[in-house]
Amino acid sequence: MSTVGFRQHDHTHCVHTALAQADAKCKAQRLQFTPVRRRVLEILLEKHRAMGAYDILSVLSAEGMGSQPPVAYRALDFLVQNGFVHRIEQLNAYTACAHPTHDHVPAFLICRSCKAVAETETELTQGRLGAAASTSGFRIERVVVEAEGLCPECIGDQP
């Protein structure tokens with residue numbers, strides 16, 4: 001289990017690697033990775049925090065890539081559907097996937113101050129929830145884990 005997002009790393013390398021992985025997956029699966037879809041993923045990777053669709057749309061609009069909401073929503077739908085981006089339910093926002101090369105069950109650590117998001121992996125059958133499901137004969141198909149708190153930088157900013 002690895003957490004990404006709150007630790008120091010080579011961000012430029014992070015962005016380039018994720019875009020290259022998305023390019024490769026789209027080519028392998030014959031998916032159309034249009035310029036708008038690519039740019040939306042790039043925006044999320046560059047910002048390294050959760051962003052709403054309208055925040056993304058304002059960047060696209062400023063760059064001349066479209067100003068109507070369907071432009072952003074269609075790109076986001078494609079990116080979520082293909083595992084490049086996750087929707088953060090609590091914020092009604094999106095963040096780039098930290099583990100786009102394999103299927104996983106994400107869990108999110110969300111900073112309530114700066115909205116930075118760190119992604120980690122969990123299992124559908126782990127912990128008390130998994131035990132309760134197993135005991136009751138319930139099969140978990142989807143779990144959304146979103147924890148809110150303060151990231152290390154925002155903790156350091158507090159008196």
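This is a predicted model: local features need pLDDT of at least 70, side-chain atom pairs count only at pLDDT 80 or more; totals for chains, interfaces and linings use all residues.

Colleague: Fine. Where is T95 found, and is T95 buried or exposed?

Modeller: T95 is in strand 2. Its relative accessible area is 6%, so T95 is buried. Buried means under 20% relative accessible area, exposed means over 50%, and partly exposed is in between (1.4 Å probe, protein chains only). Strands (E, at least two residues) and helices (H or I, at least four) are DSSP runs, numbered from the N terminus.

Colleague: V117 was on that list. Where is V117 found?

Modeller: V117 sits in strand 4, residues 117-122. V117 counts as buried because its relative accessibility is 6%. V117 and H48 are 69 residues apart in sequence, and their C-alpha atoms are 7.4 Å apart in space.

Colleague: What about H48's backbone, what is its phi?

Modeller: H48 follows helix 2 and has a positive phi, near 55°.

Colleague: Which other residues have a positive phi without being glycine?

Modeller: R30 is one, with a phi of about 55°. R30 lies in the loop between helix 1 (11-28) and helix 2 (35-47). R30 counts as exposed, because its relative accessibility is 79%. N92 is another, with phi near 50°. N92 is in the loop between strand 1 (85-88) and strand 2 (93-96). At 47% relative accessibility, N92 counts as partly exposed.

Colleague: Back to helix 2. Which of its residues are buried?

Modeller: R39, V40, L41, I43, L44 and L45 in helix 2 are buried.

Colleague: And how far apart are its end C-alpha atoms?

Modeller: The end C-alpha atoms of helix 2 are 18 Å apart, which agrees with the 18 Å that its 13 residues should span at 1.5 Å a residue. The expected span is 1.5 Å times one less than the number of residues.

Colleague: How does helix 2 sit against helix 4?

Modeller: The axes of helix 2 and helix 4 (residues 69-81) come within 9 Å and cross at roughly 80°. Axes are lines fitted to C-alpha atoms, for helices over the stretch in contact, and angles run from 0 to 180 degrees between N-to-C directions. Helix 2 and helix 4 are therefore roughly perpendicular. The classes are: under 35 degrees roughly parallel, over 145 roughly antiparallel, 65 to 115 roughly perpendicular, and the rest oblique.

Colleague: Which residues meet there?

Modeller: V36, R37, V40, L41 and L44 of helix 2 meet V71, A75, L76, F78 and L79 of helix 4. The residues of this contact divide into nine nonpolar, no polar and one charged. Ala, Val, Leu, Ile, Met, Phe, Trp, Tyr, Cys and Pro count as nonpolar, Asp, Glu, Lys and Arg as charged, and the others, Gly among them, as polar.

Colleague: At what angle do helix 2 and helix 3 pack?

Modeller: About 120°, with the axes of helix 2 and helix 3 10 Å apart. Helix 2 and helix 3 are therefore oblique to each other. V36, R39, V40, I43 and L44 in helix 2 meet I56, V59 and L60 in helix 3. That contact divides into seven nonpolar residues, no polar and one charged.

Colleague: Now A53 in helix 3. Which residues does A53 touch?

Modeller: A53 touches A72, Y73, L76 and Y94, not counting residues up to four places away in sequence. A53 counts as buried because its relative accessibility is 5%. The C-alpha atoms of A53 and V71 are separated by 9.6 Å, with the two residues 18 apart along the chain.

Colleague: Last one: is D103 buried or exposed?

Modeller: D103 is exposed, with a relative accessible area of 79%. D103 is found in the loop between strand 2 and strand 3 (105-111).

Note on methods: Residues are numbered from 1 along each chain as its sequence is written. Side-chain values use heavy atoms; hydrogens and water are left out. Contact means heavy atoms within 4.5 Å.
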